[in-house]
Amino acid sequence: MHPVSVRVDNLTKRFSETVALDDITFHVGKGELFGFIGPDGAGKTTLFRILTTLLLPDRGTCTVEGCDVVKDYKRIRNMSGYMPGRFSLYQDLTVEENLNFFATIFGTTVHENYDLIKDIYQQIEPFKDRKAGKLSGGMKQKLALSCALIHKPEILFLDEPTTGVDAVSRLEFWEMLKRLKEAGITILVSTPYMDEASLCDRVALMQNGRIMSISTPLEVIRNYPLTLYSVKAGDIYQLLGELRNYPGVHSVYAFGQSAHVAFKGPANQADLAAWLKAKNHQSVEITPIEANIEDCFMELMTA
Amino acid sequence: MTDPENIIIVKDLVKSFGSFTANDHLTFSVRRGEIFGFLGANGAGKTTTIKILCGLSYPTSGELSVAGFDIYTQREKVKRNIGYMSQRFSLYDDLTVFENIRFYGGIYGLSRKEIDARSKSLMERLGFENSRNKLIRDIPLGWKQKLAFSVAILHNPKIVFLDEPTGGVDPITRRQFWDMIYEAAHRGITVFVTTHYMDEAEYCDRVSIMVDGRIAAMDTPDNLKLQFGAPSMNDVFIKLARG
């Protein structure tokens with residue numbers, strides 16, 4: 001068993017009526033890349049704010065590298081890098097000024113830890129005199145990560161770093177995370193993008209302040225309890241409506257131009273094809289498929 | 001420049017800001033009732049195009065017709081015949097559900113009677129009957145998005161522009177939202193949508209992908225995947241945008 005980096009036991013946090021985190025428990029190993037996957041309101045940001053000592057828990061215990069988030073908050077702040085969900089840098093300072101500022105408040109210099117950020121910072125260095133507020137989404141994200149890394153943290157908290165950036169920037173960002181993981185940094189990252197789950201060592205699927213499941217991305221898929229088919233036919237809109245009335249069907253969800261249809265046990269493909277043909281659907285294609293993370297997430301949500 | 005088939009016609013659109021060309025000779029058209037995905041990397045020039053199509057900004061050059069009206073000389077008519085929704089701004093947080101509906105209905109010139117009738121059926125359809133007097137800031141994000149979309153098509157526009165409409169909601173709510181988009185398209189409303197979720201591009205009838213101010217590819221999702229030998233729209237996008 002790897003040494004534990006983050007230990008959260010029975011953590012609860014309320015904001016008046018709303019239960020933002022409802023008795024959650026998980027442990028993250030040292031050097032692990034751990035993902036929190038879930039929509040807005042799942043509790044991801046509240047969790048990160050507690051772990052970075054910016055919010056107090058109501059109940060439960062949380063430690064980061066053995067330090068308690070309440071008693072040892074100063075030590076945690078020195079050893080962690082945090083990238084909040086909202087762009088948190090000074091918009092009216094330049095790229096270089098932002099980086100120097102963050103190095104200075106942590107009592108270090110850009111020069112001292114340049115090796116760690118080199119790969120990332122070099123991509124934005126041509127724009128070092130530009131004001132941070134004038135950068136594109138992908139560049140802002142790289143600058144924010146550089147600033148979070150400049151004091152050589154042991155652990156990184158990245159709250160929705162890829163929200164609102166395009167698919168290419170997302171891909172590049174995950175490539176950077178992989179290299180940081182190889183450098184031994186523990187990384188906790190949250191995202192609403194289900195497809196990013198497969199890039200993590202383990203993931204916690206979250207919804208409404210609860211963790212629905214914690215496992216490796218592969219296990220999430222292996223634990224999917226249903227038999228799943230992809231169904232394609234001419235008009236997806238009509239197809240979806242009709243499939244929901246098919247006897248014995250458990251769930252029907254659109255995935256682009258095809259429908260994912262789930263049954264509790266094995267289903268007879270020929271029967272389904274004949275049924276759809278009788279409903280005047282032309283060129284029906286039915287293929288047994290493996291679930292993806294989104295299928296699993298939706299099943300857990302409704303289970 | 002009208003055409004019974006095409007509700008948006010863009011020929012040789014150029015938009016420059018000083019020496020920077022944000023839209024570099026764009027030519028495309030969108031069919032009536034189509035769900036058209038308008039994709040591109042951050043900074044590719046999508047927002048510039050949408051602003052022009054909505055009559056909020058003049059092109060530098062090019063011919064454009066939107067909902068049958070000329071974008072240079074009939075901008076007010078264009079605005080009356082389109083709806084617009086974006087993730088960042090759509091509804092007023094400090095107004096109630098009904099006040100928002102009444103406000104937008106009023107802006108689009110609906111009578112009080114029409115507003116009452118349409119808001120009643122809208123709230124029934126969404127299951128919001130008990131939330132009529134709730135402030136927008138107090139309702140969940142998924143509800144806000146559904147309401148924002150319903151309000152954007154309250155005046156039965158010919159086209160609705162959706163600028164990154166569905167970020168941040170769970171996958172089931174996202175699908176319910178797309179059900180509403182399909183329904184609107186079936187009623188004949190043309191849907192022009194931008195999104196960073198490449199899996200959502202798969203729901204569109206056709207998509208265009210912009211790279212550095214130009215349209216680098218435009219076709220059905222199936223054809224694009226075939227053309228680029230890619231298993232998903234995400235891979236198509238990365239191949240194109242990474243060059």
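Predicted model: local features only at pLDDT ≥ 70, side-chain atom pairs only at ≥ 80, totals over all residues.
Visitor: What makes two residues count as being in contact?

Guide: Their C-beta atoms, placed from the backbone, must lie within 7 Å. Leaving out residues up to four places away in sequence, V66(B) touches I8(B), L53(B), I71(B), V78(B), I82(B) and I159(B).

Visitor: Which residues have the most contacts inside the largest nonpolar core?

Guide: They are V66(B), I187(A), V160(B), V191(B) and F237(B). The core has 145 residues. Its largest share, seven residues, comes from α5(A).

Visitor: Why is this core said to lie between domain 1 and domain 2 of chain A?

Guide: Domain 1 (4-221) and domain 2 (224-302) both give residues to the core, so the core lies between them.

Visitor: What makes a residue of α6(A) buried, and which ones are?

Guide: The test is 20 or more other C-beta atoms within 10 Å of its own. A167(A), V168(A), S169(A), R170(A), F173(A), L177(A) and L180(A) are buried. Their cover includes α5 of chain A, and α7 and α9 of chain B.

Visitor: How many residues of chain B are in contact with chain A?

Guide: 27 residues of chain B contact 26 of chain A. On chain B's side, α6(B) gives the largest share, six residues. That side divides into 14 nonpolar, seven polar and six charged residues.

Definitions and conventions
Residues numbered from 1 in each chain as written. Chains lettered and ligands numbered in written order. Helix = DSSP H or I, 4+ residues; strand = E, 2+ residues; numbered from the N terminus. Nonpolar A, V, L, I, M, F, W, Y, C, P; charged D, E, K, R; others polar. Buried ≥ 20, exposed ≤ 12 C-beta atoms within 10 Å, placed from the backbone. Core = buried A, V, L, I, M, F, W, Y, C linked by C-beta atoms within 7 Å. Domains from an automatic or database assignment.
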